[in-house]
Every structure is written in structure tokens, then in C-alpha cells.
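Work through the following exercises with the sequence and the model in view, and try each task before reading its solution.

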Amino acid sequence: MSQLRLLTSRLGVQAARLLAPHDVQMSSWRSRSSGPQTTFPGSRDGGGSSYMEEMYFAWLENPQSVHKSWDSFFRKVNKEASCGPPQPQAPSVVPESRPAASSRTKTSKLVEDHLAVQSLIRAYQIRGHHVAQLDPLGILDADLDSFVPSDLITSIDKLAFYDLREADLDKEFQLPTTTFIGGSEHTLSLREIIQRLESTYCQHIGLEFMFINDVEQCQWIRQKFETPGVMQFSSEEKRRLLARLVRSMRFEDFLARKWSSEKRFGLEGCEVMIPALKTIIDKSSEMGIENVILGMPHRGRLNVLANVIRKDLEQIFCQFDPKLEAADEGSGDVKYHLGMYHERINRVTNRNITLSLVANPSHLEAVDPVVQGKTKAEQFYRGDAQGKKVMSILVHGDAAFAGQGVVYETFHLSDLPSYTTNGTVHVVVNNQIGFTTDPRMARSSPYPTDVARVVNAPIFHVNADDPEAVIYVCSVAAEWRNTFNKDVVVDLVCYRRRGHNEMDEPMFTQPLMYKQIHKQVPVLKRYADKLIAEDTVTLQEFEEEIAKYDRICEEAYGRSKDKKILHIKHWLDSPWPGFFTVDGEPKSMTCPTTGIPEDVLTHIGNVASSVPLEDFKIHTGLSRILWGRADMTKKREVDWALAEYMAFGSLLKEGIHVRLSGQDVERGTFSHRHHVLHDQEVDRRTCVPMNHLWPDQAPYTVCNSSLSEYGVLGFELGYAMASPNALVLWEAQFGDFHNTAQCIIDQFISTGQAKWVRHNGIVLLLPHGMEGMGPEHSSARPERFLQMSNDDSDAYPAFSEDFEVRQLYDCNWIVVNCSTPANYFHVLSARVSVPADRLTPKSLLRHPKAKSSFDQMVSGTSFQRVIPEDGVAARAPEKVRRLIFCTGKVYYDLVKERSNQCLDDQVAITRLEQISPFPFDLIKREAEKYPGAELVWCQEEHKNMGYYDYINPRFMTILKRTRPIWYKAGYCGGRGTSMVSHTSLASGKFLSVLPGVTSSMFQDHTSEGLCCWVLTYAKSFLEPLG
Ligand SMILES: Cc1ncc(C[n+]2csc(CCOP(=O)(O)OP(=O)(O)O)c2C)c(N)n1
Ligand SMILES: [Mg+2]
């Protein structure tokens, strides 16, 4: 028996605790023996402790007579009981000596009641949040369901669910180790247990965490919220909270007074978000965080800028002045979109902290992955692998959080080694409405936050009208992130005092809700009344606090009137110090040559064809590829993959970090890259030769991403934002897949500089070309990138000395389609700080002709925007009857066909490698070189796709409309345009039109104007001349 008692005190589970009093019964149970026990231990399946006793004694006699789960359990318990310090006797729940006759039934009841209480506790932990009072308005169920779970004791009669009666309420029960409601007490009356569970789980905080499959994490949360007295605040803390609420509320009031008819997407109804964010930042700073990167939508953004980031108020106020002129680029509706970067001292912790708010478009949640990427980069550059110095906070609206798929994509990056930011604190402004849409029409999940459950992030719902509950939850959230390096969600259940914006009438659509909202006492008044009532502050102090902040606003307002010019560059979220001059001009107006010394090329080639680790067995197929690389290096040539190696390697040598991300990029979708070698004999042993080039090189990251485009491209864009001294590339698996990331391309990459003066050097690699794959995957849709290119098609350019660089500086991005590995090498090495889209030809990866010599890559060489004809035709240009311009791989087909038809002297073929910005200067030179030739643009793509619509007006401009450029398709579809991206090269047919073209026809066509020549073109295509 004493052994049993000792066991009892060591078990740590309720079931074992119940072993203690049953010595009278035991012998009669010994005959029953083993069997699989799936419900063990602590389950409520009727057998109870007696069954356990039986098992125990059977096990004592013969450990093998019981199921192995019992065996290991008893072994563990026995071991603990025998080696630990002497334990206090297990609290005696039942008097020890009882009459034997009634003992059995009493014991059974006791066991059942205990198990019932344990279930009850668990029920609150799992489902308590469903009845928590989360809605400040008291009219909506935050989980969209008024159903009350039957296992929560919301009335006495609910006790029956557990077979308990009112009389049991005052009985004492042992508390399991999975609860902390007892504090230092091990037993509590049932009444007290229910009351404490109620106050933890069913008041103003609703906790969702029991889905987390890590016991330690669940215990941590239980301890943080269940321990009696955890939510107590010092009077200093309360006063600080009040002061922060004053700022939050009075800021909105101030804007409303001064600009009553302006939209500002105010925070009213969720003013507590300001102290909430500040608490997360304070707590994180206390734990060592030095840099916080925030992303948020429109709602409350100005308030966050003013009171969290601490942007000068006059800078905010002056934006409401319609007469304000922008001194630099940056346009339009910027107030709610601009970013900000600020280094300051955290007043609570007295430590330095850098806060940045990332500029974002209207597109809700699009900024999420961008913030994560920027955070990852900041962590990377600081060597902060654990995220102890840099963290992110993402603020969401309830409708957007539930509805936007990119939220899910971003959550799925959160635990991937090359994408994790070691935990993000998510704050949801859950005002229970999205524009005019009720939550019941906006989501199918109970809460807007359910998406976070997929990554096991705990979700803390909290009634936003209880500021102390909010502050407590936020502080636990920050601690959670610091302890477990995982995401966490704070759901601020609040309301929206006004319409979607201040001009909007919410009574049209939510009349009853807004009747209640009009009656709702503002949170500041509620909290001030509470603190005044409990003597934490006096009314006078409160009023002084308000007057003080109002004065600050008024003074700033006065100063803001003097501002005549808005400098958007003061609103950068990611300044690149040292990259531009003070005036934002490029430091150099020349394009540096990108060739590198031959010995460097050879060295990179040698590493690229080797396995730098000892005893590392690679696949035989890969050995052949490496051998091929070695052979090329010896012959002083490169293919596509080796050119890329050379480019990355040369940048790494210069200390420039390179990061290549995307689906299956490590091997390469087309199995050409092989940047990560896999040991064929040791599981998960890998080697990245690129990181073995030089001892002092910059690190190379190559990472297969999750199967996402929107999320991952956004992430890489954010990563590239952090520093200009890096080459960050995202590769689409096939070029057409970029369209699922269109929002990032449209809203951030093509327009970021114009809207927010933000520079970014992200590179998109988009495999392009049909290569026998059918309509899917045949096009990276270059036309879309070209349509968004900002160089003016109609402006005849001024050809200054620095024309090439000036163009690059002025453009929003560069679109390149290389036809040679050497040019691909150069363009990657160039590192211009504008986004670049590189169309990468699939067929050229292994095209026998698509090889380049070292001669085209050594020092002194550089990127060729245009590769002119350099064959027979170029030597006697006057004889040339047709000059074909093309881009990419179609060139090789044309050359072949030209040779087949013996037209080498009559047809010149010039390649456009940089399509945008358009190389006006070089195109002009080429066209003028062949004055008698018909000009033709050849592309694989249909006429309404590809490059033609982009190049055509630019040719017209540069040739002053004296010569047309005909569209010729290298496909056999028979129609000029298409709705699909179907392409199929039939260059033979195309070239057969050559001989019949005469120069007089050009005159005719041009005189007929644009429409006519398009028609004529169609004719000429369908009925080839000659
Ligand atoms: C991707 C996207 N779709 C639509 C909109 C238009 N829109 C702006 S705000 C809004 C409602 C957002 O509701 P919620 O996320 O709950 O934020 P709240 O305005 O309530 O704070 C909508 C639909 C948008 N900005 N972005
Ligand atoms: Mg909302």
C-alpha cells in the first residue's frame, strides 16, 4: 500500500492518484489481466481506478501479463517513485478507513466524479471561448454561433451532463496537472473550480489553443491564463494604459474635428489597438527585440504612424492639405499607404528600437508576405537566426483575414527554414464587419482567425472594451513569440464606430448594430471611470492628460500649415543609405562592365563541377552533368546553368549575398541547375558547392519554396527591399504561374517606386516558350510586363552620353529575354536597383547553339542590350532585303531556316535582348544600317501577345514613321491573334515570305496609316508574297 501511495504522489495524472484508497478491493480484481488499453490513462470509460489496480497487481506479478502500454506506464511510475525525493502523501480525498461493504461503490463514484471534473476542466479549456463575452456590443456571437456547448456549466442543471449534482458543488476535488486554476492549492471545491474556469475562459478573454499538439505549449498557455491573480496591474501600468488610450482616442477626435469631411479610416471602436501594439513592442523590447517591422491595412494606420511609430504629427496633418505639392515622385492616395521607418528609444524599457511600417497597396493582406520577407532579410543581415532581435507584427481586418488567400500562404511560410521569421504576432481588428458585409456573409469559419489554426498558432480572442484584458493578452502573445518562436494571434473583438470610412452611412446596411454602436460608451470613458472609481487617477489628472495631448496636436497642426511641400522620400520604410546621393540620384551614371577575370571564371567552373565535401556520394546522372561542366570549363565555354553559376559566384566573391527562391529551384524545374547536391547514402545530407567558392565570400541561399506564388514572390520582394547589396531572385516554375502573384507584380513591383519612392532590385526568372508543352506553360506573358513598362513609346529620346543608365534609372523595371548564356551572365551580374523580369528560355537551357565562350564574359565585356547581325548580311548591308528583329530563342530557328534557304546574304537577324526599356539608340543604328531592307518583327507568340504591341510604336517613333515594322509569327495557327498563349514555331513558312517584299510596298503601307497596315499585314501573312 505504501508503494501505491508513493506511486500516487508521483503519477501526475489523476488516474494514478485514485489508486490510493482501494487496498480492500484489490485482491478480488487480480484475476483480470491484460488487453490493449487505448483509453489509458485517465479516461472515463467505466473501468476507473479499480481496473488500474488490477493492472497494477497483475503487472507486479508478471509484467508481461499486461498490455505493453500498462507495462511502460508502471515502469515509469515505479522508477519515479523509487528515485525521487520523498513525496508528501497524496492528498487524501476520501477518509482512509471505510467500511469495506460500501467502499466499492463509494470509490467508483469518487473515481467517476474526479474523472468528470477532469473532463469538465478540459471542456472549459477547449470550448470555454464559445461562451466568452467577447462582443463589446453584446449583440453578436464572435464565433457566429449562439449555441452553448453542453459540457460547459452555464447553469446548475448542466451538472447532470457529468452525472454530478448540486450537492457535489461543495465537495473537494483533486486538480489534475493540466490545470493551474488552483494556484498553490491541489484541491478545490467543484463550485470554486467552475467559478475559476468561468473567469479564465468565459469572461472577456476567449482562448483557443487546445488544438496545439505540443503539451508543453498548452501547459504554458494554461499557466499564463489560469493562475489566480495573473491579471493584476500596478497603478503605474494602469495610468500608462490610460494615457495611451487618451492619445489613441484624442488623435482620432482631433482629425475628426479638423477634417470632418475627409476619409481617414479611423480606429474608433478599436482605440485599444494602440496600447495593444505598444504593449507587444514594450514586452518584446524587454526581451531583447531591437527592430520591429509592421504591416497593416488602412484602419487606424494614421493613428499607428502617430502614436506607435511616432511619426511627426505635422507630417501626418500636412497630408490633409490639398494644396500640398509633392516634391518627388509618389502619387495619389498615399496617406493610408505610405510606409515609415523610425529609430527611437522605447520609453518603457529605455532601449533603442527601430520601428518600420511597410508601405502597402489597397489590396488587403498583400503586404503580409512582404513584411515577412523584409523581416527575414533583416534577421539574416544581423545574423539573428533565432529572431531574437528582429520581429514582425501584422495587423489585419476581420473580413480580409478570413477572406484573402495570401494570409494562408503567408502562414505556411512561417515554419519553413528559409522563410521563417521565428514567429509573428498577428493582431486582428475584428470590428465584426467588412465594409458593408456582415461576418455571416464574409466567412464560413466560426472566427475570422481560424486560418491560424493550420500552423498551430494559439488564438487569443479578447473583448476590446476591456483594455486590461487586451493588454494582458498582448503581453502573453509577445512572450509566446519569444518563448516558442511561433506565430500567435490576438483577436481584438471590437466595433467600428462610423461607416467604412467617415463619409459612409452604416445605417443603410447594419441598422440595429449601429443603433447599439451609437449608444456605446467609448472605451476611454469606461476605463477612465473605472480608474477614477478605484482611485488610481483623479478626474483632474485625466482631464489634464487629455488637455496635454490636445495641445500637442494643436501645435503640430499649426506647424503643418507652414509645410508647402510633401517629401515622400521622408516616408521610406526601407531606406538604402549610401546607395543614392542625398538627392536620391544614382551615385554613378555609367554602367559598370560586368565581365570578370578568366581565372575567376575557371575557378567557379571548377567548383560548379565538383563535390566539395569528402565522402559525399552523388547520383551517377549528376556525375555526368558535373563532368560536362568540367569539360565546358576546360573548353572555356558555358551553357545556361553554368553562366548562372558564374554570375552568382562572381557576386558572392564581391561580398554580395545571393538568394534564389521558388518552387524546385534547388535542382531547377528542368533539371539543369543542381545547386544542392544530395548524398545518395546519407539521408538529408546535402552540399551547396556555391557556398564553397571562397572562404570570405558572401553566403548563397537557394531554397525550394512552398507551392505558392503570391506569398513567395511577396516574401522575396520584401527580402529584396531590405538591402540594395544583394541579388534576390524568384523563379516561377513555369512563366505562366506568375499570374497567381499578379497582385505583387501590379501593386508593388511595377508601381512601388512611383507610388512610394521605393526601390527594389528583385529579379523574376520566368521560363518562357512552348517547347512542346501545349498551351499551358507556353508563355510567361511578356506582354503584360511590357504593357506596364513606363518608358514612353512616343517620346523621341534625347541620346545623351549616359542614355543607357538614365533609361535604367528612369524605368520602373527591365524586361530582358536573353539569347545567350553570356548575356544572361552579364544581366544577372549587373545588379541594377530596379526590378527586372528575365524571361528564361526553356529550350536554351540545353540548346547546342546556346553556349557562350569565356571570351564573352571576361573582364571588359558587358551586357549587350541588342545583339546585331554579325554574319554575311552585316558585311554587305545594302544587299539585305529583310531585317528581322526578334528576341529569345526564336533567333536560333530563324538562323537555321535562313541557312536552309540560302538567304544568309539577304536576311539580317538582330536580337533584342533588353526589350524594356527599349534600346532606342541601338535599334535606330541597326535599322539605319540596312536602309533597303524590310523591317520585320518575328515572335513565336500571337500578335496580341508577346512583344509586338510594345515594340511597334517604339519602332515607329525611332524611325519617325518612315518604315513600318511588320509582325510575323513563327507559328502555324493561321490567325494573328489568340486568346490563349498557344505558340508553335513554324519558321519555314515565315521565311518563305521574304523574297517578294519590295521597298515600294513600305511607302504604300505607311501612307495608309496604322489600321491599314495591320490589315495588309494579315494579308501578307496569309498569302505570302513571292
Ligand atoms: C484585395 C481587396 N479587395 C477589396 C478591397 C476593398 N475593401 C477595402 S476595405 C474592405 C473591407 C475590409 O474589411 P475588414 O478586413 O474587416 O477591415 P475593416 O475595414 O473592417 O477594418 C474592402 C472590401 C481591398 N481593399 N482589397
Ligand atoms: Mg472589419
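**Exercise 1: the shell around ligand 1**

The residues of the shell around ligand 1 comprise five nonpolar, eight polar and two charged ones, where Ala, Val, Leu, Ile, Met, Phe, Trp, Tyr, Cys and Pro count as nonpolar, Asp, Glu, Lys and Arg as charged, and the others, Gly among them, as polar. This is a predicted model, in which local features need pLDDT of at least 70 and side-chain atom pairs pLDDT 80 or more, while totals for chains, interfaces and linings use all residues. Residues are numbered from 1 along each chain as its sequence is written, chains are lettered from A and ligands numbered from 1 in the order in which they are written, and side-chain values use heavy atoms, without hydrogens and water.

Task: Find which polar atoms lie 2.8 Å and 2.5 Å from atoms of ligand 1.

Solution: Begin with Ser362, where a polar backbone atom lies 2.8 Å from a nitrogen atom of ligand 1. Then turn to Asp398, where a side-chain N or O atom is 2.5 Å from an oxygen atom of the ligand.

**Exercise 2: the magnesium ion**

Task: Which residues coordinate the magnesium ion (ligand 2)?

Solution: Asp398 (OD), Asn431 (OD1) and Ile433 (O) coordinate the ion at 2.0 Å, donors being N, O and S atoms within 2.8 Å of the metal (3.2 Å for Na, K and Ca), with water not among the atoms, so sites may look incomplete. Asp398 lies in helix H14 and Asn431 in the loop between strand S9 (424-430) and helix H16 (439-442), so the pair ties together parts that are 33 residues apart in sequence; helices (H or I, at least four residues) and strands (E, at least two) are DSSP runs, numbered from the N terminus.

Definitions and conventions
A polar contact is a pair of N or O atoms within 3.5 Å; within protein, one must be able to donate a hydrogen and the other to accept it, and residues adjacent in sequence count only if both atoms are side-chain atoms.
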